[in-house]
Amino acid sequence: MENILDHKITHQKYFEEITRIPHGSYHEEAISLYLVDFAKKHHFEYERDEKNNVIIRKPASKGYEDHKAVILQAHTDMVCEKNRDVAFDFEKDALKLKIEDGFLKAEGTTLGADDGVGVAYMLALLADSNAKHPMLECIFTVQEEVGLFGALALKKDQLHATRMINLDDGGETTSCMSSAGGVNVVFSVHNDQISCTGNAYQIDIKGLKGGHSGGEIDKERGNANRLLARVLYEINKSYNIQIHMMDGGDKDNAIPREASAIIVGDVCLNEIKTIVSSMEQVFAKELEFSDNEVELHVKETIATTALSKEDTDRLLKLMICIPDGLHHHSMNIEGLSTASSNLAVISMKEDIMINVSVRGALESYIDDLVNVMDVLGESFHYTTKHEAYYPAWSYDEKSELREVMKKVCKDIYQEELSLIAVHGGLECGVFKSLVPEMEIVTMGPIMHDIHTPQERLDLASFDRTFYFLKMFLEAL
């Protein structure tokens with residue numbers, strides 16, 4: 001297979017190797033075995049658990065034997081998003097890489113720079129016999145993108161260090177100092193399809209930007225599931241429609257870009273087109289400055305079963321009532337979102353399932369939104385369950401580790417390290433809960449549009465950040 005990246009640059013080599021191994025969430029076994037083979041080849045101590053988390057330990061380099069050990073940490077799973085017109089199997093296919101204007105991309109799919117860059121950095125450091133550093137405990141976790149499940153499965157006695165560099169961040173000269181906690185609220189009810197007659201139509205919403213439901217939730221981007229519910233609700237006000245199918249979104253931590261529905265009713269195509277066209281104009285106006293390429297399409301199709309009228313009404317009323325978007329922002333830290341929810345996934349298989357991702361900087365924010373969801377579920381006769389809870393990471397005012405990072409940043413870049421708080425969920429909160437005295441910083445290169453097929457990695461930043469990491473470790 002032809003190489004796209006420069007394999008003389010070790011972290012680039014390992015990143016490209018990773019992209020050739022399918023490693024979507026819940027499918028990390030192959031990359032876990034790859035890491036074990038790497039550890040065996042280099043004669044490192046390692047452990048692999050039943051979740052497929054892998055820990056590789058490298059002794060301190062000469063002269064660093066009495067320095068405090070350091071955890072390096074990244075997750076091996078990636079968000080598997082693709083454009084719906086792209087033929088690609090994330091469980092079998094290697095990503096198709098390309099370089100455009102200094103950015104690395106994948107053709108029609110996510111790139112997995114989140115967090116393949118962190119995995120590649122650790123492998124490059126482990127393989128470098130000349131690197132200067134304290135004892136390294138490289139922790140490769142799984143299922144981060146679907147609820148931090150890998151990190152949550154770790155035990156305190158597996159961690160031998162009280163200093164940690166999390167490599168699941170971006171910005172190059174930016175480091176995170178706190179992150180949100182969260183939980184998924186899943187609504188469900190049995191998908192009772194009954195026989196029906198009438199004209200059937202498929203309605204599709206496309207062209208939205210999507211994005212990370214933590215990082216982009218404040219940018220007023222359209223949520224395809226929410227917009228589709230609004231369209232169907234408007235149609236339902238004028239015509240007795242029944243829903244055969246609704247499908248939108250793939251991941252709880254991605255703002256859905258596309259959604260589809262099939263409806264049945266005694267209504268002609270032109271009448272449906274009139275309402276859909278009107279709603280398209282409404283959305284175009286609402287999203288003019290944030291997401292201005294939204295498209296709505298209608299076509300005739302066939303359906304012989306659908307939800308009853310009563311069940312259709314309940315589903316649509318529930319979907320337009322579910323809180324979606326930004327709910328609170330910080331009055332102390334400019335630009336920081338502090339509470340949000342993302343109407344992430346709607347599917348209709350054996351059950352109708354709606355997955356809502358709730359995030360909050362405070363546990364009370366999370367509890368409040370979860371209470372709202374539970375009340376809505378009860379009111380519309382849906383069951384709700386809470387999944388994948390993860391803790392927030394609160395700011396530590398004093399940190400020797402952070403002070404060293406600030407100095408190294410200033411020495412390399414001649415600029416101050418930028419400290420930020422983020423609304424995304426990071427595994428840092430899990431590690432902090434296991435070892436309360438743990439000092440944590442984050443770092444990573446410049447990336448854009450993660451969790452979308454437009455994801456791109458700044459290659460020059462990828463190289464510079466690796467040098468920053470090496471100098472940081474050398475200073476410890």
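Me: In what order do the four strands of the open antiparallel sheet stand?
Reply: This is a predicted model, in which local features need pLDDT of at least 70, side-chain atom pairs count only at pLDDT 80 or more, and totals for chains, interfaces and linings use all residues. Residues are numbered from 1 along each chain as its sequence is written, and side-chain values use heavy atoms, leaving out hydrogens and water. Strands are DSSP runs of E with at least two residues, helices are runs of H or I with at least four, both numbered from the N terminus, and two strands pair if DSSP finds at least two bridges between them. With antiparallel pairing, the order is 4-5-22-21.

Me: Which residue in strand 5 stands opposite Ile99?
Reply: Strand 4 pairs with strand 5 (residues 103-106) in the antiparallel sense, over four bridges. In strand 5, the residue opposite Ile99 is Leu104.

Me: How far from Asp204 is the nearest side chain of opposite charge?
Reply: Asp204, which lies in strand 10 (residues 199-206), is buried (under 20% relative accessible area, with exposed over 50% and partly exposed in between, for a 1.4 Å probe and protein chains only). Lys and Arg count as positive, Asp and Glu as negative, while His and the chain ends are not counted. Asp204 has no salt bridge, a term for a side-chain nitrogen of Lys or Arg within 4 Å of a carboxyl oxygen of Asp or Glu. The nearest side chain of opposite charge, Lys206, is away by 5.1 Å.
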